[in-house]
Amino acid sequence: MLTIINPIMSRDPLVVGNIVGDVLDPFVRSASLVVLYNNKELTNGSELKPSVVANQPWVEVKGHNSNRAYYTLVMVDPDSPSPSNPTKREYLHWMVTDIPETSNATYGNEIVAYEGPWPTAGIHRFVFVMFRQSIRQTIYAPGWRQNFSTRDFAAVYNLGEPVAAMFFNCQRENGCGGRRYQAISRWMQ
């Protein structure tokens, strides 16, 4: 089943979460992407703690294609270093190429090692984007992780539009509830 992501009047979590716009252009979803952290399946827009996402997830792609295909996975943080001032947008957390269809990322070629999210300020979005490779090709690691551009990366390697994407939200382990609690408790005294 193909899903067309239309940003106008959409309830798609990628649109509501501003993934379409900040990281991606509208695209046609043509593959299934499954992401598991600690054997729990990720759903779009879920809230995960840094301790839960510290280790690389198990990622599987299932294309809707009868031909054997290969995929490239990119994981970015478009809110680095903080959502109110994303001067390092997009921060590259992980890149894997040559992932065989109906397989998982461990069978691919890890170009940039997984770096677990540890946001220091605000709620960050972490985005997984899957591209179908038209050919197996050498993809080089960028010289840095900050200011990566998923759109530019796809254009340089002729990857076309994404075939699937997912995201989760993450903030400091304690969030900012501690400060709010102290302020309220002082006010009530």
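Colleague: Where do Trp-94 and Tyr-114 lie?

Modeller: Trp-94 is in strand E8 (residues 91-100), while Tyr-114 is in the loop between E10 and strand E11 (124-133), so the pair ties together parts 20 residues apart in sequence.

Colleague: Are Trp-94 and Tyr-114 buried or exposed?

Modeller: Trp-94 is buried, and Tyr-114 is too. Another pair is Phe-128 with Phe-168, which is tilted: 6.2 Å centre to centre, 40 degrees between the planes. Phe-128 sits in strand E11 and Phe-168 in strand E12, so that pair links parts 40 residues apart in sequence. Both of these Phe residues are buried.

Colleague: Which residues form one aromatic cluster?

Modeller: Tyr-37, Phe-126, Phe-128 and Phe-168.

Colleague: OK, on to the sheet. What's the strand order?

Modeller: E5-E12-E11-E7-E8-E10, an open sheet of six strands with mixed pairing. The edge strands are E5 (46-47) and E10 (109-112), each pairing on one side only.

Colleague: And how many bridges join E5 to E12?

Modeller: Two, and those strands run parallel. Ser-46 stands opposite Phe-168 in E12, and Phe-168 belongs to that aromatic cluster.

Colleague: Switching topic: is Thr-150 buried or exposed?

Modeller: Buried, because its relative accessible area is 1%, and the cut-off for buried is under 20%. Thr-150 is in helix H3 (residues 150-156).

Colleague: What does the side chain of Thr-150 make a polar contact with?

Modeller: The side chain of Glu-90, at 2.5 Å. Leaving out residues up to four places away in sequence, Thr-150 also touches several others, including Val-23, Leu-24, Val-74 and Phe-131.

Colleague: Now confidence. Which elements have the lowest and highest mean pLDDT?

Modeller: Helix H4 (residues 177-188) has the lowest, 37, and strand E12 (residues 164-170) the highest, 97. The protein chain averages 87, with 85% of the residues scoring at least 70.

Colleague: Over which residues does pLDDT stay under 50?

Modeller: Residues 177-189, and the model has one contact for them beyond four places in sequence. Where pLDDT is low, the predicted coordinates should not be read in detail.

Note on methods
Residues are numbered from 1 along each chain as its sequence is written. This is a predicted model: local features need pLDDT of at least 70, side-chain atom pairs count only at pLDDT 80 or more; totals for chains, interfaces and linings use all residues. Side-chain values use heavy atoms; hydrogens and water are left out. pLDDT is the predictor's confidence in each residue, from 0 to 100. Helices (H or I, at least four residues) and strands (E, at least two) are DSSP runs, numbered from the N terminus. Contact means heavy atoms within 4.5 Å. Two strands pair if DSSP finds at least two bridges between them. Buried means under 20% relative accessible area, exposed over 50%, partly exposed in between (1.4 Å probe, protein chains only). A polar contact is a pair of N or O atoms within 3.5 Å; within protein, one must be able to donate a hydrogen and the other to accept it, and residues adjacent in sequence count only if both atoms are side-chain atoms. Rings of Phe, Tyr and Trp (its six-membered ring) pair if their centres lie within 6.5 Å; planes under 30 degrees apart count as stacked, over 60 as edge-to-face and the rest as tilted.
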